Amino acid sequence: MKSIIYQTVYWLNDILRHRSVYKKYRFYQKNYARFTINYREEKLAKLLQYAGQYIPYYRKLFKDNKIEGIKDFNDIPILTKNIIKKTGLEKFTYPENRKYDVVKTSGTTGQPTTFWVDSESISAAFGAQLFFWEKYGYKFGDRIVNLWGGAAYLQSIRNLKKRVLKKIKNEFTIPSHLLNTEAGLNQAVILLNQIKPQVITAYSYSLYQLSQYIYHTKTRLSFRPKFIITTAETITLDQRQFIENVFGAPTYDQYGSNEVLGIAFECPNKTGYHIHVEHIWLELLPGPQNTYRIIVTDLDNYVMPLIRYETGDIVLKQLLNNPCYDHFGDILPFPIVGRLFDIIQLPSGEEVNLMPTLIAGLKTESYIEKFQLHYYKRQNTFELQIVVNSSYQPTRHNERIINIFKENYSDIQLNIKVVNALLPESNGKFKLIKVHET
Ligand SMILES: [Zn+2]
């Protein structure tokens with residue numbers, strides 16, 4: 001009964017917000033196994049045709065590059081945020097009569113880029129989210145706590161309609177910037193114990209921070225969630241395990257970005273990410289060193305088609321154990337490790353991506369609780385800031401860390417600095433690598 005009431009709430013939510021999340025969810029329930037390559041190619045061909053006809057940027061690009069259809073797909077140049085910014089939003093958009101959300105994303109340069117995200121695209125992403133959550137154990141009406149959001153997100157949910165809808169959907173938000181202070185952490189735990197969520201969604205790193213606080217203060221949790229959704233922010237397997245132990249619940253990773261939602265969902269068996277093939281055309285192209293770059297085409301965004309769009313994320317070329325080829329379309333059998341933009345250009349012109357070294361190299365070093373790499377461009381020096389536990393032995397361990405880096409980059413000057421805490425950015429996300437221009 002409760003479930004039916006809440007399904008009605010979702011349905012109502014769609015009507016009020018011009019979306020079709022619930023409809024998509026039902027569609028996926030019935031059809032997820034049937035999205036054949038033909039079905040997907042048809043969707044892609046339709047998008048290409050539309051873009052070539054109505055979107056100024058693609059009209060010119062397709063003409064100049066003699067792109068006539070899906071057979072020439074691989075000749076379409078990769079689209080980047082930079083190209084969008086330089087070309088101008090108006091060359092990429094055509095509103096017709098479609099509904100859409102306006103989102104802004106900030107790159108490492110700090111200058112935001114504006115995107116229009118089609119309602120159809122939002123619905124496909126959230127519809128699939130419901131579909132996958134159900135596999136993880138979600139029932140309509142379960143209490144959800146979202147542990148995220150910087151000031152901008154909080155501003156957006158001040159909107160009364162959105163707030164009311166969240167309320168009746170049994171969804172709560174605890175701002176993740178609370179987790180930057182001891183008092184805030186304490187407050188977050190009190191709130192969680194009051195709400196007793198069945199589902200927690202969070203930026204991985206914030207949640208790791210909270211887990212550490214709960215563990216070290218021996219705080220008792222008065223609830224046990226069914227599962228926890230983490231975003232594909234870079235945390236190590238050990239950190240994930242730690243979160244699972246503290247909350248007594250499995251974590252599942254979800255991958256998407258502000259501008260392209262719902263790209264992939266972790267398999268319920270935790271053996272890779274299932275690509276949301278009905279909505280996303282995903283390609284892996286060679287990346288720096290031992291990585292692939294993730295390139296996506298959003299098959300549902302017609303107000304602002306993004307074709308062969310560089311997400312800026314990379315995966316490690318390192319097959320997961322027993323990747324799942326069994327259900328829900330294609331599998332991404334690699335760990336998603338982070339942002340391509342974390343590539344650092346040295347004064348010599350050489351580009352280095354230290355993410356694989358950081359993730360693969362440091363994750364087994366159990367004396368390190370948190371780490372963050374700082375690069376000071378002007379001095380060309382690296383500083384690894386670490387938060388350590390009691391098993392840390394400065395001389396021995398510092399040498400180990402330096403050797404890990406030297407194995408990959410013999411000429412990097414690395415200093416190691418022990419700090420008490422490492423905090424996320426003001427938007428609630430944590431950066432593993434920070435570049436200082438001065
Ligand atoms: Zn699977």
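Axes here are lines fitted to C-alpha atoms, for helices over the stretch in contact, with angles from 0 to 180 degrees between N-to-C directions. I take helices as DSSP runs of H or I of at least four residues, numbered from the N terminus.

I am working with a predicted model, in which local features need pLDDT of at least 70, side-chain atom pairs count only at pLDDT 80 or more, and totals for chains, interfaces and linings use all residues. Residues are numbered from 1 along each chain as its sequence is written.

**Entry: α2 and α6**

I looked up α2 (residues 21-31) against α6 (residues 119-136) and found an angle of about 55°, with the axes 7 Å apart. On the α2 side, I noted V21, K24, Y25, F27, Y28 and Q29 in contact (C-beta atoms, placed from the backbone, within 7 Å). Their partners in α6 are S123, A124, F126, G127, A128, L130 and F131.

**Entry: α1 and α2**

Next I checked α1 (residues 2-16), which packs on α2 at about 125°, again with a 7 Å separation of axes. That makes this pair oblique too. Here Q7, Y10, W11 and D14 of α1 meet V21, Y22 and K23 of α2.

**Entry: A128**

Which residues does A128 touch, leaving aside those up to four places away in sequence? I found Y28, G262, F265, H276 and H279.

Key. Helices (H or I, at least four residues) and strands (E, at least two) are DSSP runs, numbered from the N terminus. Two residues are in contact if their C-beta atoms, placed from the backbone, lie within 7 Å. Angles under 35 degrees count as roughly parallel, over 145 as roughly antiparallel, 65 to 115 as roughly perpendicular and the rest as oblique.
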